[in-house]
Amino acid sequence: MKVKHVPVRSCLGCGQKKGKGELMRIVYKDGGLVMDDGGKLPGRAGYLCPQEGCIDSLLKKKGRLSHALRVSLRHEAEEGFLRGLLTEREGEE
Ligand SMILES: [Zn+2]
């Protein structure tokens, strides 16, 4: 039986390692943060579980996301993006 190799990434919120498909992919594009839904955007990416708790804990780790993406972002930009994600999730419920 062939074993399919699944790339594993760690969540920036909880640090748990998960298969790429289970995590949201965040990339830096045109001066801002975007959610890469299709997983096709180039560049360094940050990964996060699609859970409020992980978004929230990343929010508390100031500068963690820009560090992971190796970009220098204003904290406000990072925070605004993450808060936007939380709001989106709330909207789904
Ligand atoms: Zn997580």
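**Fold, core and local contacts of the predicted model**

Buried residues account for 20% of the 93 residues in the protein chain. The model is a predicted one. Its protein chain contains three helices and five strands, and from the N terminus on these elements follow the order β-β-β-β-β-α-α-α. The radius of gyration of the protein chain is 13 Å, close to the 12 Å given by the globule rule for 93 residues, so the chain is as compact as a globular protein of that length. Of the contacts between residues at least 6 apart in sequence, 48% join residues at least 24 apart.

The largest nonpolar core has 16 residues, of which Cys11, Leu48 and Leu58 touch the most other members. Two or more residues of this core come from each of strand S3 (24-29), strand S5 (45-48), H1 and helix H3 (75-92). In soluble globular proteins, nonpolar side chains tend to be buried together. With residues up to four places away in sequence left out, cysteine 11 is in contact with Gln16, Lys18, Leu23, Tyr47, Leu48, Cys49 and Cys54.

Helix H1 comprises residues 52-60, and its buried residues are Cys54, Ile55 and Leu58. Viewed down the axis of H1, these buried residues fall within an arc of 100°, so they line one face of the helix. The exposed residues Gly53 and Lys60 are carried on the face of H1 turned away from its buried side. Leu58 of H1 is buried and is also among the core residues that touch the most other members.

Strand S3 is joined by four bridges to strand S4 (residues 32-35), and the two strands run antiparallel. Lysine 29 stands opposite glycine 32 in S4. S3 and S4 form a hairpin, with two residues between the strands. In the turn, aspartate 30 has a positive phi of about 45°.

Leucine 73 is located in the loop between helix H2 (64-69) and H3. When residues up to four places away in sequence are not counted, leucine 73 touches Ser66 and Glu78. The C-alpha atoms of leucine 73 and proline 42 are separated by 18 Å, the two residues being 31 residues apart along the chain.

Methods. Residues are numbered from 1 along each chain as its sequence is written. This is a predicted model: local features need pLDDT of at least 70, side-chain atom pairs count only at pLDDT 80 or more; totals for chains, interfaces and linings use all residues. A residue is buried if 20 or more other C-beta atoms lie within 10 Å of its own, exposed if 12 or fewer, and partly exposed in between; C-beta atoms are placed from the backbone. The arc is that of the directions from the helix axis to the C-beta atoms. The radius of gyration is taken over C-alpha atoms; the globule rule is 2.2 Å times the number of residues to the power 0.38. Two residues are in contact if their C-beta atoms, placed from the backbone, lie within 7 Å. A nonpolar core is a set of buried Ala, Val, Leu, Ile, Met, Phe, Trp, Tyr and Cys residues joined through C-beta atoms within 7 Å. Two strands pair if DSSP finds at least two bridges between them.
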